[in-house]
Amino acid sequence: SSDCNLSCVYCVPDLSSSWRRQVKEHGQMGDNNYTPFNKLQDALKQKQRSSQTKFLDILMRAIEINKKHIKRIKFTGGEPLLNSTLYDLIEKINNVKIVIISGLGVSDTQLDKCLKNIKGKNVEFQISGEATGKHFEFIRYGNNWENFNNKIKKIQSAGVPITCIMSISNLSIFSCNEYYEHFKNFPIIVDPVNNPAFIFSF
């Protein structure tokens, strides 16, 4: 799902519903195109939601058929914690590692709901970020640095493993060292942003 309540500066409307709202409200910004795909996606949103049960059935059947070959399942977005089907899927998945890739821009209530639903499951959080303090809040627009850290502590307290994803681009290159120092006690995945569409702030 592309449902997301953050408007990260290098993201695009295709990947963030918050960005699509920004474009609708303020108009086109630079090359950050609000494509016909986005408009179709918005128009079909209600229809998609009404067919979620059928989609879940098909997906779970595919997982069951291929379970011997599946080592992990990743949920990404958008923001997966905003996806109403996430917990239905997690409840039905057994004996497979689940990875949730999140920017943690959700409310405490939404995170608490997640932690409750994944209890007893083999789940890992992969947390996206690349800067600290105000620079973090600029790049991850809509998020708050202090709240971000508090949510990480909450996940730790629940005993859920955390890996940090550090996105390196021209927007974060001078902050990556600070981010690394802050989170060096966690495993860190370095994710270079090298697509021209994603290296300019819009």
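**Briefing: a chain built around a parallel sheet**

Of the 202 residues in the chain, 44% are buried (under 20% relative accessible area, with exposed meaning over 50% and partly exposed in between; 1.4 Å probe, protein chains only). This is a predicted model, in which local features need pLDDT of at least 70, side-chain atom pairs count only at pLDDT 80 or more, and totals for chains, interfaces and linings use all residues. Residues are numbered from 1 along each chain as its sequence is written, and side-chain values use heavy atoms, leaving out hydrogens and water.

**Overall make-up**

- The chain holds 9 helices and 5 strands (DSSP runs numbered from the N terminus: helices are H or I with at least four residues, strands are E with at least two).
- Along the sequence, the pattern reads α-α-α-α-β-α-β-α-β-α-α-β-α-β.
- Take the contacts (heavy atoms within 4.5 Å) between residues at least 6 apart in sequence: 65% of them join residues at least 24 apart.

- Five strands form an open sheet in the order β1-β2-β3-β4-β5, with parallel pairing (two strands pair if DSSP finds at least two bridges between them).
- The edges belong to β1 (72–75) and β5; each has a single partner strand, so one side of each lacks a neighbour in the sheet.
- On average, neighbouring strands are turned by 25° against each other, direction ignored (axes are lines fitted to C-alpha atoms, for helices over the stretch in contact; angles run from 0 to 180 degrees between N-to-C directions).
- β1 pairs with β2 (residues 97–102) in the parallel sense over 4 bridges. Here I73 stands opposite I98 in β2.
- Helix α8 (residues 145–157) packs on the sheet and touches β3 and β4. The direction of α8 makes about 165° with that of β3.

**Strand β4 and its partners**

- β4 spans residues 162–168 and is mostly covered, with 6 of its 7 residues buried.
- With β3 (residues 123–129), β4 pairs in the parallel sense over 5 bridges. M166 in β4 is the bridge partner of G129.
- With β5 (residues 188–192), β4 also pairs in the parallel sense over 5 bridges. P192 in β5 is the bridge partner of I168.
- From β4 the chain crosses through helix α9 (residues 176–183) to β5, a right-handed β-α-β crossover (with the strands pointing away from the viewer, the path from the first strand over the helix to the second runs clockwise).
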